[in-house]
Amino acid sequence: MANELKYIGLDTQSGLTLTAEIYAEDGTIEGSAIAATEVGSTAIYVADMPAVAAATYAIRFFNGSPVVGTG
């Protein structure tokens, strides 16, 4: 599968450079930051979920240092 991670932004959020970080239930970061790619100029960003053990994870999307979304 591909593009499992999605951030749907406001129209004004087109053209951002987003990265995603995956967090385990205990709050530790799983792996390194993942680049998210914008679909056209839609402010919709997608990225592939890395290979991690089956569990519950949280995600944060960053535009530089500010967090723009969580899930």
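Which pattern does the chain follow when read along the sequence? The chain follows the pattern β-β-β-β-β-β, and its secondary structure comes to zero helices and six strands. Helices (H or I, at least four residues) and strands (E, at least two) are DSSP runs, numbered from the N terminus. This is a predicted model, in which local features need pLDDT of at least 70 and side-chain atom pairs count only at pLDDT 80 or more, while totals for chains, interfaces and linings use all residues. Residues are numbered from 1 along each chain as its sequence is written, and side-chain values use heavy atoms, with hydrogens and water left out.

The overall dimensions come next. Taken along the principal axes, the C-alpha atoms of the chain fill a box of roughly 35 × 25 × 15 Å. The radius of gyration of the chain is 12 Å, which agrees with the value near 11 Å that a compact globule of 71 residues would have; this radius is taken over C-alpha atoms, and the globule rule is 2.2 Å times the number of residues to the power 0.38. The chain exposes about 4,500 Å², of which carbon and sulfur atoms supply 55%; accessible areas come from the Shrake-Rupley method with a 1.4 Å probe, and for residues only the protein chains shown count as cover. Of the 71 residues, 30% count as buried, where buried means under 20% relative accessible area, exposed over 50%, and partly exposed in between (1.4 Å probe, protein chains only). Among contacts (heavy atoms within 4.5 Å) between residues at least 6 apart in sequence, 59% join residues at least 24 apart.

Strand pairing can now be followed. Two strands pair if DSSP finds at least two bridges between them. Strand β2 (residues 18–23) runs antiparallel to strand β5 (residues 58–63), and six bridges join them; T19 has F62 in β5 as its bridge partner. Strand β5 is also joined by three bridges to strand β6 (residues 67–70), again in an antiparallel arrangement, and here F61 has G69 in β6 as its bridge partner. The hairpin of β5 and β6 has three residues between the strands, and in it G64 takes a positive phi near 75°.

The largest nonpolar core has 11 residues in all: L5, Y7, L18, A20, I22, I34, A36, Y45, A47, I59 and F61. A nonpolar core is a set of buried Ala, Val, Leu, Ile, Met, Phe, Trp, Tyr and Cys residues joined through side-chain atoms within 4.5 Å. To this core β1, β2, β3, β4 and β5 each supply at least two residues, and the largest share, three residues, comes from β2. In a regular strand the side chains alternate between the two faces of the sheet. Leaving aside its neighbours within four places in sequence, I34 is in contact with L5, L18, T19, A20, I22, A47, D48 and P50.

N3, in the segment before β1 (5–8), has phi near 60° and is partly exposed, with a relative accessible area of 33%. A43, in the loop between β3 (29–38) and β4 (44–47), has phi near 65°; A43 is buried, with a relative accessible area of 0%.
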